[in-house]
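I set down here what I looked up in this model, entry by entry. The sequence and structure come first.

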Amino acid sequence: MLTERVPVGLMSSVVAPEKPTSNTMGPKEVELILVKEQNGVQFTSTTLVAPAPTETNVSGEEERETWGKKIDFLLSVIGFAVDLANVWRFPYLCYKNGGGAFLVPYLFFMVIAGMPLFYMELALGQYNREGAAGVWKICPIFKGVGFTVILISLYVGFYYNVIISWALFYLFSSFTGQLPWVYCNNTWNSPNCSDWADNSSVSDIYKATPAQEYFERGVLHIQDSKGIDDLGRPRWQLTSCLAVVIVLLYFSLWKGVKTSGKVVWITATMPYVVLTVLLLRGVTLPGAIDGIKAYLSVDFLRLCDAKVSIKGRVGDTNKVWIEAATQICFSLGVGFGVLIAFSSYNKFSNNCYRDAIITSSINSLTSFFSGFVVFSFLGYMSHKHNVALDKVARDGAGLVFVIYPEAIATLPGSSVWAVIFFIMLLTLGIDSAMGGMESVITGLIDEFKFLHKHRELFTLFIVVATFLISLFCVTNGGMYVFTLLDHFAAGTSILFGVLIEAIGIAWFYGVDRFSDDIEEMIGQRPGMYWRLCWKFVSPCFLLFMVVVSFATFNPPNYGSYTFPPWANMVGWCLAISSMTMVPLYAIYKLCTLPGKFCDRLAYAITPETEHHLVDNGEVRQFTLHHWLVV
């Protein structure tokens, strides 16, 4: 190539037309021809200029955005799966169900169902590069289950953000010399308020501790409501906290994984720092070792006497196994569409098998580790007030908003410890809420492509809509709305959704095809164990859980308050509204496809990329081999 300088006026350039290729969707190379003229002689040089490389998936389409770093994805999944339930539910279940013996059914269900389903969702999202609804191009008739999990995530957001706003309210209240839940001389206290020292019987239903009254009367103002039919107006203090949470969520999600992948560096790691600090402080307290011993005490008899009474009611020990199975279903976060959404932003060749093992294991280990923190403080409370441990041990919101703040209030420098504790609750909640919102946003913008260009506006619409519905939960009677949503939004419906998901992938799409997809991504075919779990064990487990969920259903209640029949009907309508997406979409798909019923069915259960085979009469699902192969 000539390097001598020539006048600019004597130089021209020509862009040669691109050569036609078979792939008209991808980027093209451009041939640049530089023509220089000097002393009547033309010189030319040719250069092939390729555009910046973009990854393409198996169908040849341009790739979606990907995580900036692999650790962004791992922290996002861990941050979503490790939430408030790891702190307030697992340790209590372990304590009341045989201590260390509870780990036997927990780990059993973890291995046969939890990890396989976790792995399945990560692989499904990564291979198809779509949200919860779009991935069902592999079997269009099952797309309704994608809308099921999107709706469930949306419903959960209506009340989950309220828990974070409570934590924020407590955080603001902790910046004081004396914590407001220590004494009974506040304006919100009732005559029934009694300090532990003055309370001869902690179980006395007519007595309430300052911390309990602060939560129910000082924060929730539930005393100003007669029930769910007397909500009142939203309280400005909680509404303000909820607005702050919504703003945090919006600016964590508005740019997609570019922003959320950075936020989780704080929200996913902070809880581990705080839990470690609290544990180091907790084990130094008197009675802490007794609490930890009670947490780890092994009672295998709780596992051996499983039986059902003649009337069909589940016996106590049977309940141990059921609670272990339920904890697995909900603690790993399968069925919310979040794992599918997060993994869809992975690189195609990412090792999703290793990710599934790492993240699901970290989630379970975190649950176990948090038990040491919780029970060191519960043992301290038991020792300090000279009462049995079961008098102070509880699960749910009562643990983190009543018992734990009460224990912290007795420590030197209590305000500092309270700030640390509620920062942990805030970070535990935020990244889980981010995951739920991302499931909704990714699922819908992938299904309705025009939304891709308006992600920021659509994200704003989703978070604002969530905020408006959540206002019902920050009224005087908001706790009743919260309890109703918590009971119905993601109970039986999510078990049903994961069951249909497992059947659609393992049976209709085919566990062999699914294994081929994974091998194409990571170069390693899933072993026989995983394939057997996907096809037989996990669906049977989920079917059992759905049946048990219906059989053991109890109407919701809050303390002594019983919900009216109309409220239970509203709750069931909420649960059914998400589940009905499965049959409704299946009917819609069968009615809109052309041809006779058999042809429509063939198109509906065949991957969209293979519809040309249906035109030739080749339908894998109509062969016996498809159903028998593993």
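Entry 1. Leaving aside its neighbours within four places in sequence, which residues is Phe401 in contact with? The model I consulted is a predicted one. In it I found Phe401 in contact with Trp88, Ile163, Trp166, Ala167, Tyr170, Ala211, Phe215, Phe422 and Leu425, sequence neighbours within four places left aside.

Entry 2. I then turned to the nonpolar core. The largest one has 197 residues, and I noted Trp166, Phe401 and Leu425 as those with the most contacts inside it. Helix H5, residues 143-173, gives the most to this core, namely 19 residues. I also recorded that this core lies between domain 1 (81-193 + 207-305 + 317-591) and domain 2 (593-629), because both give residues to it.

Entry 3. Next I looked up Ser225. I located Ser225 in the loop between helix H6 (210-219) and helix H7 (236-253).

Entry 4. Last, I examined the surface. Which residues make the nonpolar surface patch of about 360 Å²? I noted Leu457, Leu460, Val464 and Leu468. One of these, Leu468, I placed in helix H17, residues 455-470.

How values were computed
Residues are numbered from 1 along each chain as its sequence is written. This is a predicted model: local features need pLDDT of at least 70, side-chain atom pairs count only at pLDDT 80 or more; totals for chains, interfaces and linings use all residues. Side-chain values use heavy atoms; hydrogens and water are left out. Helices (H or I, at least four residues) and strands (E, at least two) are DSSP runs, numbered from the N terminus. A nonpolar core is a set of buried Ala, Val, Leu, Ile, Met, Phe, Trp, Tyr and Cys residues joined through side-chain atoms within 4.5 Å. Buried means under 20% relative accessible area, exposed over 50%, partly exposed in between (1.4 Å probe, protein chains only). Domain bounds come from an automatic or database domain assignment. Contact means heavy atoms within 4.5 Å. Patches are made of residues with over 30% relative accessible area and no salt bridge: like charges are joined within 9 Å, nonpolar side chains (Val, Leu, Ile, Met, Phe, Trp, Tyr) within 5 Å. Accessible areas come from the Shrake-Rupley method with a 1.4 Å probe; for residues, only the protein chains shown count as cover. A salt bridge is a side-chain nitrogen of Lys or Arg within 4 Å of a carboxyl oxygen of Asp or Glu.
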